Amino acid sequence: MSFIGNGVVVHLPGLFEEAEKNEKKGLKDWEKRLILSDRAHLVHPRRPCNRLSLPLVVPPPARPAVFDFHQAVDGLQEVQRQAQEGKNIGTTRKGIGPAYSSKAARTGLRICDLLSDFDEFSTRFKNLAHQHQSMFPTLEIDVEGQLKRLKGFAERIRPMVRDGVYFMYEALHGAPKKILVEGANAALLDIDFGTYPFVTSSNCTVGGVCTGLGIPPQNIGEVYGVVKAYTTRVGIGAFPTEQINEIGDLLQSRGHEWGVTTGRKRRCGWLDLMTLRYAHMVNGFTAKTGQGARCTLVSAHGPRVNHSRARCVWAVRPREAQGRSGRGHGVGGPRPAVLVCKTGRCSLPGPRGLALTKLDILDVLDEIKVGIAYKLSGKRIPYFPANQEILQKVEVEYETLPGWKADTTGARKWEDLPPQAQNYIREMGWRWQIQRFDDPAVLDKDRADPGRPRPRQQPQ
């Protein structure tokens, strides 16, 4: 079962268009498995509603209702920014930002409005359209045509609409269920905590679970972080570890790094542990593997190529269903059954709370760099800069690790990975969890602390 919550902006034509595409691929009876919150505002959904297959799946809290003219306004705003500032934000032009602007201005329309008095809905829709036309005189809106389409969509979605708050309350307090909430974008695209203004228009960090679905904080279970073995970004914005060279090109081509919505090439660079630590500060990754846990190592060249952005995934469970977790360290990703730990209490030496994906993209490199700290004016800084101009000026301090120059796509257990690949994961797992990363004594703890699990020495 999939649920689109109140924090979402929904473009109904896009929703049905995407569903029809998936029907041609074999998706059946999706209307019986999709629930829409009556409090969701009316934009284009960014990914198929059948993406996950748990008993109850809650897509990302990121979309109220979006109208066609929201999408037109999105494009006009980008053109204006380019003309006035010489640069734009690089939005998807799907109307997400303008729809959230209507929501914040309290002029937006929700699904519950569409399904209530249609005459009242029509009046408010016309007022909203006229407001946008007054701001953008060149904007043309077929008001009557759009209202006719929306009236048709209203009857199609009526069986799917529920009171979202009550639906989630029943799911949390009824029979035990597995509930998964998926973040729409990476942490650095969050409207509050991301690289503003080059961000999305909603909270895609863990707080969006509560505000976007009406789930109380105490019902949030484990928090999983999903990260690639390198760093990517679509569009404009500061990217300290970006490699504008043959390394960046190699990561882009081997990783099939293309924007899902826009088709733009993703910018690629070395793994940036400063951004990973910052994402952990905001989200608080807690997930541990326990008895019967499955740990998965994802290969980009496996049966399903993963083109998704690195993003946060939140697991939410009813309090009475939350069991005791062990202390194993999981190495995992979105595609299961590639590396499976069946030892009961997992002891893989990877980063706790993280699912690491696309490690095999690094298979061909002689050496691999990891960004471990930022410097400003020659001094390490203990925080991730909020200001874009400052972030553009940081100097990245790297640690260089040996590559493994071996094919890892066939790895099915930890021992199948080359020692250098194991060391890369160990080093990453140790360093990203450092709390005081401005202190040289802490950053260089591997040289000062003989008790720290050290990478194995490789034969010469």
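Predicted model: local features only at pLDDT ≥ 70, side-chain atom pairs only at ≥ 80, totals over all residues.
1. Helix α1 (residues 12-24) packs against helix α6 (residues 143-157) at an angle of about 55°, and their axes lie 10 Å apart. That angle makes α1 oblique to α6, and α1 passes α6 in a left-handed crossing.

2. Which residues make the contact between α1 and α6? From α1 come Leu12, Pro13, Phe16 and Glu20, while α6 supplies Arg149, Leu150, Phe153, Arg156 and Ile157. By type, the residues of this contact comprise six nonpolar and three charged, with no polar ones.

3. The largest nonpolar core has 46 residues, and the members that touch the most others are Leu359, Leu362, Tyr424 and Met428. Not counting residues up to four places away in sequence, Tyr424 touches Ala229, Leu271, Leu359, Leu362, Ile368, Val370, Leu401 and Trp404. Another core, of 32 residues, lies apart from it; Trp30, Ala40, Phe118 and Ala129 are among them. As background, nonpolar side chains tend to be buried together in soluble globular proteins.

4. Finally, do have a look at Gly248, in helix α9 (residues 246-254). Is Gly248 buried or exposed? Its relative accessible area is 6%, and because buried means under 20%, Gly248 counts as buried. Leaving aside neighbours within four places in sequence, Gly248 is in contact with Gln243 and Cys268. The C-alpha atoms of Gly248 and Arg267 are separated by 7.2 Å, with the two residues 19 residues apart along the chain.

Methods. Residues numbered from 1 in each chain as written. Heavy atoms only, no water. Axes fitted to C-alpha atoms, helices over the stretch in contact; angles between N-to-C directions. Helix = DSSP H or I, 4+ residues; strand = E, 2+ residues; numbered from the N terminus. Parallel < 35°, antiparallel > 145°, perpendicular 65-115°, else oblique. Left-handed = near helix turned anticlockwise from the far one by under 90°. Contact = heavy atoms within 4.5 Å. Nonpolar A, V, L, I, M, F, W, Y, C, P; charged D, E, K, R; others polar. Core = buried A, V, L, I, M, F, W, Y, C linked by side-chain atoms within 4.5 Å. Buried < 20%, exposed > 50% of the residue type's maximum accessible area, 1.4 Å probe, protein only.
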